[in-house]
Amino acid sequence: EKWLKANPTAQGEVVLSLTVSAEGRVRRATLGKSDISAASAECLVRTSKSLVLSPLGAEATLEVPLVLHHR
């Protein structure tokens, strides 16, 4: 959010990889290909680690493509 507020015309695409426990807690988050700032990437990874998703029944790795832009 800070990245987009500081750069109103900024946009970027990232692929967020999440390793999620059977209970839905994110155990690991990493970014693949990314064209956003390093500080924004770090913030996205840190924030993603606090997510709790619906229980999956088994540990799984999810690939989440994100397109970021300011409206």
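The questions and answers below concern this structure, which is a predicted model.

Visitor: What pattern of helices and strands does the protein chain follow along the sequence?

Guide: The protein chain contains 2 helices and 3 strands. Taken in the order of the sequence, these elements give the pattern α-β-β-α-β.

Visitor: Which residue takes a positive phi in the hairpin of β1 and β2?

Guide: The hairpin of β1 and β2 has 5 residues between its strands. A positive phi near 100° occurs in this hairpin, and the residue that takes it is Gly24.

Visitor: How many of the residues of β1 are buried?

Guide: A residue counts as buried when its relative accessible area is under 20%. Ser17, which lies in β1 (residues 11-20), has a value of 14% and is therefore buried. The strand is largely enclosed by the rest of the structure, because the number of its 10 residues that are buried is 7.

Visitor: Which residues are in contact with Ser17, leaving aside its neighbours within four places in sequence?

Guide: With its neighbours within four places in sequence set aside, the residues in contact with Ser17 are Arg28, Ala29, Thr30, Thr61, Leu62 and Glu63.

Visitor: Is Val45 buried or exposed?

Guide: Val45 is part of helix α2 (residues 38-48). Apart from neighbours within four places in sequence, Val45 is in contact with Ala29, Thr30 and Leu31. Its relative accessible area is 17%, so Val45 is buried.

Visitor: How far apart in space are Val45 and Ser34?

Guide: Val45 and Ser34 are separated by 11 residues in sequence. From C-alpha to C-alpha, their distance in space is 12 Å.

Visitor: Which side chain meets that of Arg27 in a salt bridge?

Guide: By the rule applied here, the structure has 2 salt bridges. In one of them, Arg27 is a member, with a distance of 3.5 Å from N to O. The pair links distant parts of the chain, 32 residues apart: Arg27 is in strand β2 (residues 26-34), and its partner is in the loop between α2 and β3. The side chain that meets Arg27 is that of Glu59.

Visitor: Are Arg27 and Glu59 buried or exposed?

Guide: A residue is called exposed when its relative accessible area is over 50%. Arg27 has 55% and is therefore exposed. Glu59 has 53%, so Glu59 also counts as exposed.

Visitor: With which residue does Glu42 form a salt bridge?

Guide: Glu42 is exposed, with a relative accessible area of 54%. The closest N and O atoms are 3.5 Å apart, and the partner is Arg46.

Visitor: What share of the residues of the protein chain count as buried?

Guide: The protein chain exposes about 5100 Å², of which carbon and sulfur atoms supply 53%. The chain has 71 residues, and the share that count as buried is 27%.

Conventions: Residues are numbered from 1 along each chain as its sequence is written. This is a predicted model: local features need pLDDT of at least 70, side-chain atom pairs count only at pLDDT 80 or more; totals for chains, interfaces and linings use all residues. Side-chain values use heavy atoms; hydrogens and water are left out. Helices (H or I, at least four residues) and strands (E, at least two) are DSSP runs, numbered from the N terminus. Buried means under 20% relative accessible area, exposed over 50%, partly exposed in between (1.4 Å probe, protein chains only). Contact means heavy atoms within 4.5 Å. Accessible areas come from the Shrake-Rupley method with a 1.4 Å probe; for residues, only the protein chains shown count as cover. A salt bridge is a side-chain nitrogen of Lys or Arg within 4 Å of a carboxyl oxygen of Asp or Glu. Two strands pair if DSSP finds at least two bridges between them.
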